[in-house]
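Q: I have a model open and want to go through it piece by piece. Start wherever you like.

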Amino acid sequence: MSSSHETAFSLLIAALGKSLGLDGAVPEDGLFRLEAGGRPLSIVRQGDAATLYCSLGTLPRDKAEADELRAVLLSANVLYRGTYGACLGVAPEDGVITLCYQTVMHAVTEEGFVRIVENFLTLVEHWEKRLEEVSAAPSPESGTAMSDPSAPGASWMRA
């Protein structure tokens with residue numbers, strides 16, 4: 001991985017840190033972590049891209065509830081209609097639900113990167129609420145079908 005990618009990543013993280021009042025924020029070995037809204041957010045440099053990750057929770061232990069939630073997550077990922085460029089995933093080994101978003105570093109300004117992170121955190125909040133709604137919703141067998149998720153803003157990831 002070239003030092004130009006490391007430099008670009010460091011500049012983006014420094015700008016983010018400054019916007020959050022964390023002057024002197026620097027990534028370590030291509031990784032930057034911060035606490036946002038009670039959730040740990042990781043930003044990882046992968047070649048010329050920066051990838052944002054946040055765990056949203058875990059699948060329910062009940063198989064029917066877990067299957068229902070998986071269907072909601074899959075539906076949201078179709079053409080990014082509920083994630084607006086981000087991606088929802090479930091780790092098969094432990095059922096952890098993760099939201100991630102990747103941007104190419106040379107295609108974004110420092111201000112644009114800060115906006116992307118802010119918008120990502122807005123989407124994290126949306127999905128936390130959405131997952132609570134899904135968990136509290138009656139199952140489809142009771143006659144109430146789950147609606148498609150609707151996240152804020154049709155082009156929220158554009159910076």
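**Helix α2 and its surroundings**

Q: How many residues does α2 have, and what does it reach from its first C-alpha to its last?
A: α2 has 15 residues and reaches 21 Å, close to the 21 Å expected at 1.5 Å a residue. The expected span is 1.5 Å times one less than the number of residues. Helices (H or I, at least four residues) and strands (E, at least two) are DSSP runs, numbered from the N terminus.

Q: What should I know about the model itself?
A: It is a predicted model, in which local features need pLDDT of at least 70 and side-chain atom pairs count only at pLDDT 80 or more, while totals for chains, interfaces and linings use all residues. Residues are numbered from 1 along each chain as its sequence is written, and side-chain values use heavy atoms, with hydrogens and water left out.

Q: Back to α2. Which residues are buried there?
A: A66, E68, L69, V72, L73, S75, A76 and N77. Buried means under 20% relative accessible area, exposed over 50%, and partly exposed in between (1.4 Å probe, protein chains only).

Q: What covers them?
A: The cover includes β4, β5 and α3 (110-136). The helix, residues 63-77, lies across β4 and β5 and runs at about 150° to β4. Axes are lines fitted to C-alpha atoms, for helices over the stretch in contact, and angles run from 0 to 180 degrees between N-to-C directions.

Q: Take L73. What is it in contact with?
A: Leaving aside neighbours within four places in sequence, L73 is in contact with L88, V90, I97, W127 and L131. Contact means heavy atoms within 4.5 Å. L73 counts as buried because its relative accessibility is 4%.

Q: How far apart are L73 and V90?
A: They are 17 residues apart in sequence and 8.8 Å apart in space, C-alpha to C-alpha. V90 itself stands opposite I97 in β5.

Q: What is at the start of α2?
A: A side-chain oxygen of D62 comes to within 3.2 Å of the backbone nitrogen of A64. A polar contact is a pair of N or O atoms within 3.5 Å; within protein, one must be able to donate a hydrogen and the other to accept it, and residues adjacent in sequence count only if both atoms are side-chain atoms.

Q: And what follows α2?
A: L79, with a positive phi near 55°. Most residues other than glycine have a negative phi. Y80 is not a glycine either, and its phi is about 60°. L79 is in the loop between α2 and β4, and Y80 lies in that loop too.

Q: Is L79 buried or exposed?
A: L79 counts as exposed because its relative accessibility is 79%. Y80, at 44%, counts as partly exposed.

Q: Now the sheet. What is the strand order?
A: The sheet is open, with five strands in the order β1-β2-β3-β5-β4 and antiparallel pairing. β1 (31-36) and β4 (87-90) are the edge strands, each pairing on one side only. Two strands pair if DSSP finds at least two bridges between them. Neighbouring strands are turned by 25° against each other on average, direction ignored.

Q: How many bridges between β4 and β5?
A: Four, with β5 covering residues 96-104.

Q: What does α1 touch?
A: Helix α1 (residues 3-19) packs on the sheet and touches β1, β2 (39-46) and β3 (49-58), with its direction at about 155° to that of β2.

Q: What is the pattern along the sequence?
A: α-β-β-β-α-β-β-α. Of the 159 residues, 38% are buried.
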